[in-house]
Amino acid sequence: MKRIAAVTLVFLLFFTGCVSTGQNSETLLKPPKQTEEQNEIYKALEEAVGSNITLRYPISGDHRSAFVIRDLDDEPTNEALVFYQQNLNIKDAPLRINVIDQIDGVWKSVADVSTSATGIDKVYFKNFRVDGPTDVVIGFNYIKNTEHKAVVYNYVDRMLTPKAEYSYLNLEVFDLDLDGLDEMLLINRIPQLNEVDNAPASGAANGTTLRMLGDEGEGLVVQSEVMLNPSAESFPSIRTNGYISSAKRALFIDENIGGGYLGTEVVYLENGKLINPFNKPVYRSLYKKSQRRSAVYCHDINQDTIVEIPVMRLFPGYTDEESPEAMWMIEWYQYGEEETQKVSTIFLNANWGFSFELPEEWIGKVSVKRTLTDNEYSFVEYDESRPFEQNDTEIFRMRVVTTTDERTRDELASYQKLKLSSTALYDYYVYIPDSYDGAFQVDYKTLQQMFDVWRD
Ligand SMILES: [Ca+2]
Ligand SMILES: [Ca+2]
Ligand SMILES: [Ca+2]
């Protein structure tokens, strides 16, 4: 029985990257099928390190599992890496990495690497050079330190060997210059803190830098470096898969800049050098406009691979930015080296998981109000000649309903349900009053086109 439980646990670790302690009984009754391979890897791990271990998961990045199965060397079958801690009764036991390889078709632990870290931030499998083995980049966490450390490993001759290490605040590994090989992008505070006493080294400049490291044949070297906004305190979201123009990949860095505000920096390459247009007037003005209180990050809103930067504006009729009642629209801008361009404007409610794209002719002329019903929004004509509370010419109304809420169904008899483009926790209904015959008339079909399920 214990064995079955362990095997079910392993499956969850392989595929979900986390184990929920609140599994419902249905999940437990119907254990998912796991492959023989996964059982064998877990058995090899137990044989090597025993079962008195805690598996650890990367907390960010694409690989969120304690087990990673991957071909790491020039021998064509897969290897597995397992992240774990031993000695459960020792708090903050060092993190260890076990390497499990196939010897004559049998999974067997071949290496065990100890670290001084207490957790894993993220893991990458990349290629910094054309010929060498896969570069395994592991970002480690340390309990007493906000700085992390990235270690680059190669797996050669059944040994996982550290090649280089770098401290960082943020780590990204991807192909920024689109030449087919990956670069390492590191954000660091300078002066870097002394690892012994966490004090800054004397005489160093203050600031935050972004460095790009690439391999030109002799291991990673710093190829370019730029300063980031000195006001940036931390970086809650960095996008690496977007472009500023059709052929120019960029980093889109959403940063906390103090006072509860977020800003967005863009960094791209020009002739192999990192460019931060922060001081170019065209970007500077967009940066200022895009400073926002709400945790809305850059997004490819129109799915053309070019990433848009959000600018938040109050709907007409609202003047107090501090008011929790204020209603905001988000304008999405593309940054271009010559000019910035607005591509769309939406009404977003991330909590309720939806957005409405606003037609350009509505901007400044249509506003939105909460109604007396929970989770209901009324779009009205905006007439600045009258007090805002008297702006009550309704164009349409929308309501968010939890999918399990049956009580309100009767109230919704005159509403129409919107179709969802993907699964959502809620149902969305719209009501179009017959009495409205003004300039902003919409039909159900148009509303359906304006509506979208919002995913971050
Ligand atoms: Ca292999
Ligand atoms: Ca590259
Ligand atoms: Ca876009």
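Strand β11 and strand β12 (residues 207-215) run antiparallel and are joined by seven bridges. Within this pair, Ile187 stands opposite Leu210 of β12. The model described here is predicted. Strand β11 spans residues 183-190 and is mostly covered. Six of its eight residues are buried. A further antiparallel pairing links β11 to strand β10 (residues 170-174), through five bridges. Here Phe174 has Glu183 in β11 as its bridge partner.

The chain as a whole is described next. Its secondary structure comes to five helices and 27 strands. The chain has 456 residues, and buried residues make up 30% of them. Among contacts with a separation of 6 or more, 46% are between residues 24 or more positions apart. The mean pLDDT is 88. A pLDDT of 70 or more is reached by 89% of the residues. Residues 1-32 stay under 50 in pLDDT. For this stretch the model has 24 contacts beyond four places in sequence.

One has four strands in the order β6-β7-β8-β9, and its pairing is antiparallel. Its edge strands are β6 (119-126) and β9 (159-168), each of which pairs on one side only. Neighbouring strands in this sheet are turned by 20° against each other on average, with direction ignored. Strand β8 covers residues 145-156 and pairs with β9 in the antiparallel sense over nine bridges. In that pairing, Tyr155 has Leu160 of β9 as its bridge partner. In general, strands of a sheet pair through backbone hydrogen bonds, either parallel or antiparallel.

The other open sheet has five strands, also with antiparallel pairing. Their order is β22-β23-β24-β26-β25. The edges are held by β22 (366-370) and β25 (416-417). Each has a single partner strand, so one side of each is left without a neighbour in the sheet. The partner of β22 is strand β23 (residues 376-381), which runs antiparallel to β22 and is joined to it by five bridges. Val366 stands opposite Glu381 in β23.

The loop between β22 and β23 contains Asn375. This residue has a positive phi of about 60°, although it is not a glycine. Asn375 counts as partly exposed because 18 other C-beta atoms lie within 10 Å. A positive phi also occurs at Asn271, where the value is near 50°. Asn271 is found in the loop between β16 and β17 (273-275).

Helix α4 (residues 281-290) has a buried side and an exposed one. Its buried residues are Tyr283, Leu286, Tyr287 and Ser290. They lie on the same side of α4 because they cover an arc of only 105° around the axis. Pro281, Arg284, Ser285 and Lys288 are exposed on the other side of the helix. The buried residues of α4 pack against four strands, namely β16 (262-270), β18 (308-314), β19 (328-335) and β20 (340-349).

The largest nonpolar core has 94 residues. The members that touch the most other members are Ile41, Val82, Ile100, Val137, Phe252 and Val267. Contacts of Val267 were traced beyond residues up to four places away in sequence. They comprise Leu210, Val226, Ala250, Leu251, Ile253, Leu274, Ile275 and Asn276. Leu210 is also the residue of β12 that stands opposite Ile187. In soluble globular proteins, nonpolar side chains tend to be buried together.

Ile69 lies in strand β2 (residues 67-70). Leaving aside residues up to four places away in sequence, Ile69 touches Asn78 and Ala80. Val99 is 30 residues away from Ile69 in sequence. In space, the two are 9.9 Å apart, C-alpha to C-alpha.

Definitions and conventions: Residues numbered from 1 in each chain as written. Chains lettered and ligands numbered in written order. Predicted model: local features only at pLDDT ≥ 70, side-chain atom pairs only at ≥ 80, totals over all residues. Pairing = 2+ DSSP bridges. Helix = DSSP H or I, 4+ residues; strand = E, 2+ residues; numbered from the N terminus. Axes fitted to C-alpha atoms, helices over the stretch in contact; angles between N-to-C directions. Buried ≥ 20, exposed ≤ 12 C-beta atoms within 10 Å, placed from the backbone. Contact = placed C-beta atoms within 7 Å. pLDDT = per-residue confidence, 0-100. Arc of directions from axis to C-beta. Core = buried A, V, L, I, M, F, W, Y, C linked by C-beta atoms within 7 Å.
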